[in-house]
Amino acid sequence: MSTQQATLEQSPTRRRLLLRLKKYSFVIALLPLALPFLLLSAGEATGWINLFAWGVPVVVFGIIPLLDFMLGQDALNPDEQADVPHMNSEAFYRFLTLGWVVAFAAILVWGMQVLASGVFSPVGMIGWTVSIGIVGGLGINVAHELIHKDARLETWAGGLLLSLVSYAGFKVEHLRGHHVHVSTPEDASSSRYNQSLYQFLPQAYGRNFLNAWRLEAKRLERKGHASFSWRNELIWWYGITLLALVGFTVAFGWLGAAFFIGQSFIAFTLLEIVNYLEHYGLHRRKLENGRYERTTPAHSWNSNYFLTNVFLFHLQRHSDHHAYAKRRYQVLRHHEIAPQLPAGYAAMVVLALFPPLWMRIMNPRVEAYYEGEEHQLA
């Protein structure tokens, strides 16, 4: 336990004050929804509209990492008895995630209208599509939070958002595949030691899509139903994707189809890059009985940088999420035993794009994690 944590736990009043401040800090997670509007306004005001069309990746992967290092880390955990029950019941936290879904659907339509208005050059059009796609990728993180919950409104909202970025299979594969097989060779979303991002992505796209259908078919088979029927939830979710694609195409022609497909590709690629860095090189050890050890906080990379944590609804406390999958984002905890990334997710995504640099920084950390049992690296 760190000195900071010990001090906070010995001062309930101070802890409650900091938790209250952190509660409203999660409003920062709404920033991606505002960025396209702000950047478009800045582009129109300066006359550099095609430059500002590329503004979202600059803010998310350039400015956010710098602010991360300036603002520092946060290891504050809520008290399980004094804080967690009422934090779980506060509607404020659910309002942010559910509101995100509605706002993103509106931004998707508005973003297409802006694109069709002819204000961008071809380069600006690409930048605008990438920018909206990154917002959608951050939205998948919101969907990830929602699909883990029991309330039907939340799970349906998560499925809807995933449908709007053409990655509805994540709803099935993540819950029934990734969380079962995480950090084992059976999981396409757990990257291996010395595996580059560009080796990882193709298998992640393909295996995760196909495995979602396999898992749903098995679920229906156990219930005595045909896999290709109205009971197959993937048919419904991908049906929404198809309706959205048709709607964009009818309303805006080939440009509408290209925009919808393009933003979807950027969004789910960002998701898979995050999957790559969350479990890189970490493995659950195989026991003598042939099974893998239980998932613990030691099987995910964590990061405690404050800004990216509130920006991503505590996604960086990924170890606690995998150990206790239904915990709501506001009560996810920092664990000292979890391996720590050298920076926040925003910076690590950029680092992953350059495999030699990634491996130079991350491989020594993986090797230190397996010191004394180097055979695990194979």
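1. F92 lies in helix α7, which comprises residues 91-116; helices are DSSP runs of H or I of at least four residues, and strands are E runs of at least two, numbered from the N terminus. The model is a predicted one, in which local features need pLDDT of at least 70 and side-chain atom pairs pLDDT 80 or more, while totals for chains, interfaces and linings use all residues. Residues are numbered from 1 along each chain as its sequence is written, and side-chain values use heavy atoms, without hydrogens or water.

2. Is F92 buried, partly exposed or exposed? F92 counts as partly exposed because its relative accessibility is 22% (buried is under 20%, exposed over 50%, partly exposed in between; 1.4 Å probe, protein chains only). Leaving aside neighbours within four places in sequence, F92 is in contact with K23, Y24 and V27 (contact: heavy atoms within 4.5 Å).

3. Helix α10 deserves a separate paragraph. The helix bends by about 30° at L175 (the angle between axes fitted to the seven residues ending there and the seven starting there). Its buried residues are G169, F170, K171, V172, E173, H174, G177, H178 and H179. The elements that cover these buried residues include α8, α9, α11 (197-222), α12, α13 and α15 (318-323). Just after α10, S183 has a positive phi of about 60°.

4. V180 also belongs to helix α10. V180 is partly exposed, because its relative accessible area is 45%. When residues up to four places away in sequence are not counted, V180 touches L175 and R284. The bend of α10 is likewise placed at L175. V180 and R294 are 114 residues apart in sequence, with a C-alpha to C-alpha distance of 9.7 Å.

5. Which helices supply at least two residues each to the lining of the largest pocket? They are α9 (152-163), α10 (169-181) and α12 (233-252). The largest share, 4 residues, comes from α10. The pocket has a volume of about 310 Å³. Of its 13 lining residues, T155, W156, K171, E233 and W237 are the closest to the centre. On a 1 Å grid over the protein atoms alone, a pocket is an open set of points with protein on both sides within 12 Å along at least five of seven lines, a cavity is a set where a 1.4 Å probe fits but cannot get out, and lining residues have an atom within 4 Å of a point. Points are joined across faces, edges and corners, and a volume is the space filled by probe spheres set on them.

6. By class, the pocket lining has 7 nonpolar, 1 polar and 5 charged residues (Ala, Val, Leu, Ile, Met, Phe, Trp, Tyr, Cys and Pro are nonpolar, Asp, Glu, Lys and Arg charged, the others, Gly among them, polar). The lining of the largest cavity divides into 14 nonpolar, 7 polar and 1 charged.

7. The model has 6 cavities of 30 Å³ or more, and the largest has a volume of about 240 Å³. Its lining has 22 residues, of which G137, N141, V274, L312 and L315 are the closest to the centre. Helices that each supply at least two residues of this lining include α5 (55-71), α8 (122-147), α10 and α13 (254-278).

8. The largest nonpolar core has 90 residues, and those with the most contacts inside it are W100, F104, W128, Y280 and W358 (a core is a set of buried Ala, Val, Leu, Ile, Met, Phe, Trp, Tyr and Cys residues joined through side-chain atoms within 4.5 Å). Apart from it lies another core, of 7 residues, among them A168, V172, L234 and W237. Beyond four places in sequence, the contacts of Y280 include S191, Y193, W301, W358, M362 and V366.

9. Most residues other than glycine have a negative phi. F313 is buried because its relative accessible area is 4%, and H314 is buried because its relative accessibility is 1%.

10. A75 is placed in the loop between α5 and α6 (84-89). A75 is buried because its relative accessibility is 9%. A75 and H334 are 259 residues apart in sequence but 5.9 Å apart in space, C-alpha to C-alpha.
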